[in-house]
Amino acid sequence: MGVCSGDGFDWPEGLDRRVLDGRGFEAKPGQVEIVSGADRPVAVVGLGPPGQVTAAVVRRAGAELARSAKRLRRITVSVLDAVHSELDRREALRALAEGMVLGSYSYGAFKTEPAPNKLATVTIIGPGGRAVTAALERGRRVAEAVCFARDLVNEPGGSLTPARFAGIAQEVAEREGLEVSVLDLDGIREAGLGGLLGVNRGSEQPPRFVEVGYTPAPEVECRGSVALVGKGLTFDAGGLSIKTGTGMMTMKCDMSGGAAVLGVMSAISSVAPPVRVTGYIPMTDNMLGGDATRPGDVLTMANGKTVEVLNTDAEGRLVLADALSVACRTEPDAVVDLATLTGACMVALGPRVAGLMGNNEVWVDQLADAAERTGERVWRLPLPEDYRSQLESPVADMKNIGGPHGGALVAGLFLSNFVAKGIPWAHLDIAGPAFTDSEDGEITKGGTGFGVRLLLDTLERFEPPVPA
């Protein structure tokens, strides 16, 4: 199988270019055409103009090729000749491996006859060596972590309960040699996690609070510590501020932030970043039981601040507030949280771009740079101090919603109240790109695993930001 980069491609022996021209093949990025070769079928994959081949283009090409080859048991890929000097070949190989694994992903756990995917072996033609092998292995391992996160997001909320989610986290920690602790309902009460308890109040499924930790090998010069916080709402009905039927249909994805954090931890020993990493995932669903939190109730959060809950469907920020408070107690060098937090962010940025905001430009820059390298797109949003007045409450320290406009920004401001002074913090609102109903390049239908690649890249290159 060949990869074509405009006029810079050496056509495989026995392949008539006129056949491709007749089929309208233009070598556009990710375009795939399968034709007869000298002794076997040949799939030609477009990479676009020779001077514009990026890692994102190679990743897309690999994904589309894998998608087209699902009925084959093995394929051979020649890509390096089409990658020009502007792109590091190891980077291209990592992207190719990621694309091949991500493009072949499908979720069939609940299908009696899952769609077949026979592709088991991919052979890359080109110069070898340890660096090449390491690049391919790194790309494969990272992509597998994304697929693991996708599996978690795609599992229904009635199956992936908080207890099961926490159990999976413990399995990951044991397999990867990580430290793990899990608080049950009694432990959460003792810890004073009032936001998590308030959201869980209408549920028959007891909550969990999971902490997973990684420490680099003793011989590694550690650059500092990072806390990852992921929203773990296994299903969100909205509580007494109930969602519409349509609005609930995909709410199994409301734990995508937690899935991303656990996905990162599932690969962190393989990627081995030179930084201590701790993941925090508050887990519950948001239901309508007889004693559910009422609009107007006041909750006391883990850091002692009180919150008037006026909309129980603005619940993600309540559980994140507790998790951020706990994370800051260890005084990490930086904190980042991920959450499918607001529809307002999706209205502003659409379904494929996450909102990025924070209190430290150096830390936000590191995350934005990683987003650029990995193709997991973000757009910076402000945290206007004059919007903070929208959160003022007559009965508590703050309320959990603001006015009708700027909801993503107000939610970010709310979270900032639970970040300890001087700790660099960033917030990723992934409401748009966490779940999709269409395929596009390495993205498949359902949970996307957004954030796993971005965070792993960030951790590999992490430098402690100067506190704001």
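## Exercises on ring pairs and salt bridges

F462 counts as buried (under 20% relative accessible area; exposed is over 50%, partly exposed in between; 1.4 Å probe, protein chains only), because its relative accessibility is 0%. The model is predicted, so local features need pLDDT of at least 70 and side-chain atom pairs pLDDT 80 or more, while totals for chains, interfaces and linings use all residues. Residues are numbered from 1 along each chain as its sequence is written, and side-chain values use heavy atoms, without hydrogens and water.

**Exercise 1.** Classify the ring pair of W363 and F462, then that of F414 and F418.

*Solution.*
1. The structure has three aromatic pairs. Rings of Phe, Tyr and Trp (its six-membered ring) pair with centres within 6.5 Å; planes under 30 degrees apart are stacked, over 60 edge-to-face, the rest tilted.
2. For W363 and F462, the centres are 5.6 Å apart and the planes stand at 85°, so this pair is edge-to-face.
3. W363 belongs to helix α12 (residues 361–374) and F462 to the segment after α14 (452–460), so 99 residues separate them. Helices (H or I, at least four residues) and strands (E, at least two) are DSSP runs, numbered from the N terminus.
4. W363 is buried, because its relative accessibility is 0%.
5. For F414 and F418, the centres are 5.3 Å apart and the planes meet at 45°, so this pair is tilted.
6. F414 is buried at 0%, and F418 is buried at 2%.

**Exercise 2.** Locate the partners of the salt bridges E98 with R453 and E460 with R138, and say whether each residue is buried or partly exposed.

*Solution.*
1. There are 30 salt bridges in the whole structure (a side-chain nitrogen of Lys or Arg within 4 Å of a carboxyl oxygen of Asp or Glu).
2. Between E98 and R453 the closest N and O atoms are 3.8 Å apart. E98 is in helix α3 (residues 89–103) and R453 in helix α14, so the bridge ties together parts 355 residues apart in sequence.
3. E98 is buried at 5%, and R453 is buried at 5%.
4. Between E460 and R138 the closest N and O atoms are 2.0 Å apart. E460 is in helix α14 and R138 in helix α4 (residues 130–154), so the bridge ties together parts 322 residues apart in sequence.
5. E460 is partly exposed at 27%, whereas R138 is buried at 18%.

**Exercise 3.** Describe the bridge of K231 with E315.

*Solution.*
1. The closest N and O atoms are 3.3 Å apart.
2. Both K231 and E315 are buried.
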